[in-house]
Amino acid sequence: WKFVIRWPKLTIEEKQEKYEKFQSHEMNIFLYFKDRDYFDEFVMPYLSQKMEKQFIDYFLLDDSEVMLKYGNNGACWNQLNHLEQILVLVWLRQNNKEGCYGHQ
């Protein structure tokens, strides 16, 4: 994973090679926040075609229906781990929405 430090300097071919080798939720989150152009061009189309999406996929795809479900429903909120709860709060803030417990 040391390559992430050099990510901005990698060629598109090198990025593709690294992405194929290290593809994961962690890699996708890194790209979402640190290389949005690459994420939008290469990762988002892949995620949108996944048959079985997980919570992090819905966050990365900006699925407002799912995000509001978790943000507005205490029972759903409690099912999330801490990282997922943070991602809900990030999404709520990015979209100027209020969620459960008045979080924004």
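Student: Hi! What should I know before I start reading numbers off this one?

Tutor: The model is predicted, so local features need pLDDT of at least 70 and side-chain atom pairs count only at pLDDT 80 or more, while totals for chains, interfaces and linings use all residues. Residues are numbered from 1 along each chain as its sequence is written, and side-chain values use heavy atoms, with hydrogens and water left out.

Student: Got it. How many helices and strands are there in the protein?

Tutor: Eight helices and zero strands. These are DSSP runs numbered from the N terminus, with helices being H or I of at least four residues and strands being E of at least two.

Student: And what box do the C-alpha atoms fill?

Tutor: Roughly 45 × 30 × 20 Å, taken along the principal axes. Of the 104 residues, 35% count as buried, where buried means under 20% relative accessible area with a 1.4 Å probe, protein chains only.

Student: Let's look at α4. Where does α4 bend?

Tutor: At V43, by about 45°, and the proline P45 follows within four residues. The bend is the angle between axes fitted to the seven residues ending there and the seven starting there.

Student: Which residues of α4 are buried?

Tutor: Y38, F39, V43 and L47. Their cover includes α2 (12–22), α3 (25–34) and α5 (55–60).

Student: Switching to N28: is N28 buried or exposed?

Tutor: N28 has a relative accessible area of 3%, so N28 is buried. You'll find N28 in helix α3.

Student: What is N28 in contact with?

Tutor: Leaving aside neighbours within four places in sequence, N28 is in contact with Y19, F39, V43, L47 and L60. Contact here means heavy atoms within 4.5 Å. F39, V43 and L47 are also among the buried residues of α4.

Student: Nice link. At what angle do α3 and α8 pack?

Tutor: About 25°, with the axes of α3 and α8 (residues 82–94) 14 Å apart. That makes α3 roughly parallel to α8, a label for angles under 35 degrees. The axes are lines fitted to C-alpha atoms over the stretch in contact, and angles run from 0 to 180 degrees between N-to-C directions.

Student: Which residues make the contact?

Tutor: I29, Y32 and F33 on the α3 side, and L83, L87, V90 and Q94 on the α8 side.

Key
Buried < 20%, exposed > 50% of the residue type's maximum accessible area, 1.4 Å probe, protein only. Parallel < 35°, antiparallel > 145°, perpendicular 65-115°, else oblique.
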